[in-house]
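Subject: Handing over the structure

Dear colleague,

Please keep the model open while you read.

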Amino acid sequence: MTPAPPKVDNSEYTVGWIAALPHERAAAQAMLDQKHAPAQQKHENDHNIYSLGSITGPNGEHNVAIASLPFGRYGITSAATVAMQMLSSFPSIKFGLVVGVGVGIPSIDNDIRLGDVVVSKPEGTFGGVRQYDRGKITTDGVEERGQLNSPPQVLLNAMGALVSRHEMEESVIPSLLEAMQKQYPKMSNQENGPGYIYQGAEHDQLFEADYVHDSSKRDCGECDLAKVVKRPERYDQNPWIHYGTIASGDQVIPDARILDLISKNCLCFETEAAGLMNNFPCLVIRGICDYSGSHQNDRWQKYAAATAAAYAKELLQITDVVDIKSTPCARDVMHEFYNIDGGGTLIIGSKASANPTIQYRKSNLSQKTSAKIESNKMVLEG
């Protein structure tokens, strides 16, 4: 008889894991070393559904709360809502891991392939994430108007230790993926579409930036192979890990020339992190499922979600449990804080004011994001 999963008090969870898509959440759950019973209590206006469990660190267990965006929803506003509701029910969470898929931006300096992992890393004065739809695109790349925060120090320390380890040893991502497939055989089954396994170099084609896909064609089966960028063959199929800046925003970038400009200082695109970085201390981890441009390739989605989740687990395996315990709680260090009133309305506020329903300036939001906030019945003042 299978023993009942342990019941762990909400106050014992220190890591918040946010996944946007169902297959990203499945990959996250598959990385748990132990699954826990459902939450014993939850804020009355917290609408998230959680998967709870633990991942073994070097000197103890990291208790992890996993939540995902509502089905069919995406973007920086939805991610912020999930994070703030999570913190209302799990007050001891120290930081977040925003883990899932992203769109790669290969360049001469960065040989990014499908299935590789990109991790946000502070670069100069920037915190590792650039909000591309709030900046000015120039010939030098993205020129920000505003700044997003860096990941918390405890994660930067762990990242540094992991990079050093990878100088001497191979990443354990391949072994974590193999263990996942043994424990959950269905995840490697491709009878009903691509599974959470490597999809093969023959399905990893990077087309020249100015070669536009024929929109009347469903896939690239008839695309001109002469337009495929020639890249050296890798000696194995294991994912590479890239550290640098991630571009985040609500808007799709359709023009390949603009993509080329952004690629001068970013490694991939995604659509959630910019809504979190100033409000929820977090690290962004993206498995590359496609390339920027008009040639779409959906078959790598699940495998990319798995490689990102495996990196997140490998990072937690090296993160000191004592250091996490001494890290301030996320809701104590946020620049903006969110309250949920009795009517279910999300109130966005600032720590700087004595009034708990304080201000969030509309001028700091894109028009599209402002509209989404209004539609979610968030109260804005200022």
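Predicted model: local features only at pLDDT ≥ 70, side-chain atom pairs only at ≥ 80, totals over all residues.

Helix 4 (residues 173-183) packs against helix 6 (residues 301-318) at an angle of about 115°, and their axes are 9 Å apart; here helices (H or I, at least four residues) and strands (E, at least two) are DSSP runs, numbered from the N terminus, while axes are lines fitted to C-alpha atoms, for helices over the stretch in contact, with angles running from 0 to 180 degrees between N-to-C directions. That angle makes helix 4 roughly perpendicular to helix 6, a word used for 65 to 115 degrees, whereas angles under 35 count as roughly parallel, over 145 as roughly antiparallel and the rest as oblique.

Residues are numbered from 1 along each chain as its sequence is written, and side-chain values use heavy atoms, with hydrogens and water left out.

Which residues of helix 4 and helix 6 meet? From helix 4 they are Ile173, Leu176, Leu177 and Met180, and from helix 6 they are Tyr303, Ala306, Thr307, Ala310, Tyr311, Lys313, Glu314 and Gln317, where contact means heavy atoms within 4.5 Å. Sorted by class, this contact of helix 4 with helix 6 has 8 nonpolar, 2 polar and 2 charged residues; Ala, Val, Leu, Ile, Met, Phe, Trp, Tyr, Cys and Pro count as nonpolar, Asp, Glu, Lys and Arg as charged, and the others, Gly among them, as polar.

Helix 6 also has other partners. With helix 3 (residues 153-168) it packs at an angle of about 100°, the axes being 9 Å apart, and that makes helix 3 roughly perpendicular to helix 6. On the helix 3 side, Leu155, Ala158, Met159, Ala161, Leu162, Arg165 and His166 meet Tyr311, Glu314, Leu315 and Ile318 in helix 6, and the residues of this contact divide into 8 nonpolar, 1 polar and 2 charged. The axes of helix 1 (residues 22-30) and helix 6 come within 8 Å and cross at roughly 40°, which makes helix 1 oblique to helix 6. Helix 1, too, passes helix 6 in a right-handed crossing, and there His23, Glu24, Ala27 and Ala28 in helix 1 meet Gln301, Lys302, Ala305, Ala306 and Ala309 in helix 6.

Next come the aromatic rings. A search of the whole structure finds 6 aromatic pairs, a pair being rings of Phe, Tyr and Trp (its six-membered ring) whose centres lie within 6.5 Å, with planes under 30 degrees apart called stacked, over 60 edge-to-face and the rest tilted. Tyrosine 198 and tryptophan 300 form an edge-to-face pair, at 5.4 Å centre to centre and with 80° between the planes. Because tyrosine 198 lies in the loop between helix 4 and strand 10 (241-244), and tryptophan 300 in the loop between strand 13 (282-291) and helix 6, the pair ties together parts that are 102 residues apart in sequence. Tyrosine 198 counts as partly exposed at 25% relative accessibility, whereas tryptophan 300, at 0%, counts as buried; buried means under 20% relative accessible area, exposed over 50%, and partly exposed in between (1.4 Å probe, protein chains only).

The rings of tyrosine 243 and tyrosine 311 have their centres 6.2 Å apart and their planes at 70°, so this pair is also edge-to-face. Tyrosine 243 lies in strand 10 and tyrosine 311 in helix 6, so the pair ties together parts that are 68 residues apart in sequence. Tyrosine 243 is partly exposed, with a relative accessible area of 23%, and tyrosine 311 is buried, with 0%. Elsewhere, Tyr13, Tyr50 and Phe90 form one aromatic cluster.

Finally, for the chain as a whole, there are 9 helices and 15 strands, and buried residues make up 52% of the 382 residues.

Technical notes. Left-handed = near helix turned anticlockwise from the far one by under 90°.
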